[in-house]
Amino acid sequence: MTIENDVQQTWHDAIVEMYELDISSIVSGGDTSFYFTAETMRDDSKIRWRRSDSDASLVTYEPLPIQAAGFDKSTKGQIPTPELTVSNIFGTFSQVINDLDDLVGAKVYRRRTLYKYLPGGGSTNLDSYFPTDLFYIERKTAETNLYVTFQLASPIDLEGLRLPKRVITQNYCVWKYRGAECGYTGGPVADSFDRPTSDPNVDQCGKQVSSCRLRFSGQLPFGGFPGANLTR
C-alpha cells in the first residue's frame with residue numbers, strides 16, 4: 001500500500017514531521033545542514049530518516065521542541081507563509097542567529113512520513129513519504145529566552161522573483177534562432193521580415209509565428225504565447 005492510499009483510510013499511523021535547516025547559502029565550509037524534529041520513537045530513541053529526496057542514507061533528527069503552522073495550501077492562489085517556532089532554552093539558538101544575521105536566506109526543508117515507515121516503526125520504507133516542502137527563512141519575528149520564531153517564505157514568493165520566470169509575450173519568440181529551444185538546423189529560409197532568401201548571411205528569424213511556420217510544419221517550437229493578451 002502506498003502512502004497516498006494509507007492517508008485515505010479511516011485510520012492511519014501518525015504523521016511524523018522532520019526538518020532540515022540548510023545554511024549553505026549563508027556560510028561556507030563545515031557542517032551546513034542540521035536535522036531536527038519534535039518527535040521521538042516510542043522507546044524515546046531518536047528518529048532516523050533519509051538525508052534528502054536524492055540521498056536515502058540515514059541521518060539522526062535531533063529531538064527539539066518545535067511548533068509549526070501555516071503550511072496549508074489554499075485553492076485561492078495564496079502562497080503559504082509558515083511560521084516556525086523552536087526552543088531557545090539556554091539561548092542555544094540566540095548565539096547561532098546572532099552570528100548568522102538571523103539566519104535570513106537559509107533553507108528549511110519539511111519532510112513528512114508515517115510513523116510505521118520510519119526505521120524501527122514496524123514497516124520500514126524509506127521511499128514512502130509525502131512531497132518535501134522547501135521554504136526560506138525570510139525574517140525573525142520573535143526571540144525570547146524560551147523560543148525563537150521565524151517567518152518562512154516560498155521560493156516563488158521571494159522579493160524580485162516572478163512566476164513564470166519567462167516574460168509572457170503574445171507574438172514574439174524569445175528563443176535564440178537555431179538555439180537549443182528553437183531547434184532549427186536547416187538551410188537559409190528568410191530574412192527578419194520573412195522575405196525568402198538562400199543567403200546564409202541574410203537568414204534571420206523574424207521572431208513571429210509566421211517566421212516559425214516558414215521553418216517548421218506541424219507543432220511549432222514558438223517561444224511566445226499567441227493566446228495571451230499583450231502584457232505591459
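Buried means under 20% relative accessible area, exposed over 50% and partly exposed in between, with a 1.4 Å probe and protein chains only. The views show a predicted model, in which local features need pLDDT of at least 70, side-chain atom pairs count only at pLDDT 80 or more, and totals for chains, interfaces and linings use all residues. Residue numbers start from 1 along each chain as its sequence is written, and side-chain values use heavy atoms, without hydrogens and water.

**View 1. R215 in helix α3.** R215 sits in helix α3, residues 209–215. Helices (H or I, at least four residues) and strands (E, at least two) are DSSP runs, numbered from the N terminus. R215 counts as buried, because its relative accessibility is 9%. Its side chain reaches the backbone oxygen of Q204 at 3.0 Å. Leaving out residues up to four places away in sequence, R215 touches Y177, Y184, V189, A190, D203, Q204 and C205. Contact here means heavy atoms within 4.5 Å.

View 2. The structure holds 0 disulfides (pairs of cysteine sulfur atoms within 2.5 Å). For C182, the nearest cysteine sulfur is that of C205, 6.3 Å away. C182 is buried at 13% relative accessible area. For C205, the nearest cysteine sulfur belongs to C173, at 6.1 Å. C205 is buried too, with a relative accessible area of 19%.

**View 3. The largest nonpolar core.** A nonpolar core is a set of buried Ala, Val, Leu, Ile, Met, Phe, Trp, Tyr and Cys residues joined through side-chain atoms within 4.5 Å. The largest one has 18 residues; L21, V86, L103, I137, F150 and L152 touch the most other members. Two or more residues each come from β1 (15–22), β6 (83–87), α2 (92–99), β8 (133–143) and β9 (147–153). Strand β9 gives the largest share, 3 residues. In soluble globular proteins, nonpolar side chains tend to be buried together.

View 4. Not counting residues up to four places away in sequence, I137 touches L21, D102, L103, V104, G105, A106, V108, F150, Q151 and L152. Another core lies apart from the largest one. This other core has 10 residues, among them M18, Y35, I47 and V59.

**View 5. The whole chain.** The chain has 3 helices and 9 strands. From the N terminus, the order is α-β-β-β-β-β-β-α-β-β-β-α. Of its 232 residues, 35% count as buried. Among contacts with a separation of 6 or more, 58% join residues 24 or more positions apart.

Definitions and conventions:
A polar contact is a pair of N or O atoms within 3.5 Å; within protein, one must be able to donate a hydrogen and the other to accept it, and residues adjacent in sequence count only if both atoms are side-chain atoms.
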